[in-house]
Amino acid sequence: MEKSCASLQPEAKHSVVTPPHYSLTDYFLKYFLFLCNMLFTVMGLVVLGLGMWGLISKESFAQEKIGSIGTDPMLILGTVGFLLTMLCLSGCVGALRENCCLLRLFSAVMLVLITAQVLAAIMAYSLQNEIGGYLRSGMLAAMARYQDDLDLRFITDEIQTNLQCCGADTYRDWEINIYYNCSAPGVLACGVPATCCVDPLENGTVWNSQCGVRAQLLDEFTAQSVIFLGGCLGGISRWIEQHENLIGTLYLFCGIQVLYSEREE
């Protein structure tokens, strides 16, 4: 018995753990997902930076404003940027270092997000008429408070500029604003914001904030050379239709990340 045990000792002493074998596909997936997560990490940092810049530029941390900071859209933007950065950074480091804890965390959060987004998409499809009504009401409310709320002005301007639209359904929706209403006493009466203009720079380099003055008084044929006629609700619908493939690709990419994380575990 002793002899047999002694004869086994050298084998145990020289035994080594064979490292796992990785194929070319495994290496490709590993570094591809690492680079993609790194890209989304940078995007998260940009969003976080924009949120913090908005809070600092509006002096939201001042003593007289700190009480209402919880409802500040810039705080939401910063929070989303921070969470996106941390999530993608965990996936990035987890994929590179093959860390099971980070991969499990990343996989769990991604599963929750994908499930929530699928449920939200199902609800949005089944309640599309009601959601359209909510969007219209929300945009009209933002337009009504356009001059009084810097956050709503920024969001409205971004939508109108990027989608090349004006108003909710038509440019004449701006009559809901007390400053752009035709009965208003100021110079903005019967006008629209400069972000509705087709060429707000007027082929120059200086922003012309008065390019939309009296635009509501123009007929559509004349107005189309000055401002965008289409409403932003239609622009949002067209944007979603045009980017259906991109949205589907993002879902597929998220699914691949989850499967890779589960495999690495």
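**The loop and its surroundings**

Reply: The chain has nine helices and zero strands; both are DSSP runs numbered from the N terminus, helices being H or I of at least four residues and strands E of at least two. The model is predicted, so local features need pLDDT of at least 70 and side-chain atom pairs count only at pLDDT 80 or more, while totals for chains, interfaces and linings use all residues. Residues are numbered from 1 along each chain as its sequence is written, and side-chain values use heavy atoms, with hydrogens and water left out.

The loop to look at runs between α6 (150-163) and α7 (220-223), and N177 lies in it. N177 is buried, because its relative accessible area is 0% (buried means under 20%, exposed over 50%, and partly exposed in between, with a 1.4 Å probe and protein chains only). Leaving aside residues up to four places away in sequence, N177 touches M143, A144, Y146 and Q147, where contact means heavy atoms within 4.5 Å. With A144 there is also a polar approach: a polar atom of the N177 side chain lies 3.4 Å from the backbone oxygen of A144.

N181 is in this loop too. Its side chain makes a polar contact of 2.6 Å with the side chain of S183. A polar contact is a pair of N or O atoms within 3.5 Å; within protein, one must be able to donate a hydrogen and the other to accept it, and residues adjacent in sequence count only if both atoms are side-chain atoms. N181 touches W174, E175, A189 and C190, again not counting residues up to four places away in sequence.

The side chains of D169 and R136 form a salt bridge, 2.9 Å from N to O (a side-chain nitrogen of Lys or Arg within 4 Å of a carboxyl oxygen of Asp or Glu). This pair links distant parts of the chain, since D169 is in the loop between α6 and α7 and R136 is in helix α5 (residues 128-144), 33 residues apart. D169 counts as partly exposed because its relative accessibility is 42%, and R136 is partly exposed at 33%.

The structure holds two salt bridges. D149 and R145 also form one, with the closest N and O atoms 3.1 Å apart. D149 counts as buried at 19% relative accessibility, whereas R145 is partly exposed at 47%.

Now the chain around the loop. Of its 265 residues, 30% are buried. Among contacts with a separation of 6 or more, 65% are between residues 24 or more positions apart. Elsewhere, helix α8 (residues 232-242) has C232, L233 and G235 buried. These buried residues line one face of α8, because they fall within an arc of 160° seen down its axis, the arc being that of the directions from the helix axis to the C-beta atoms.

Finally, Y31 is in helix α2 (residues 24-57) and is partly exposed, because its relative accessibility is 39%. The C-alpha atoms of Y31 and C92 are separated by 9.2 Å, although the two are 61 residues apart along the chain. W53 is also in α2, and at 54% relative accessibility it counts as exposed.
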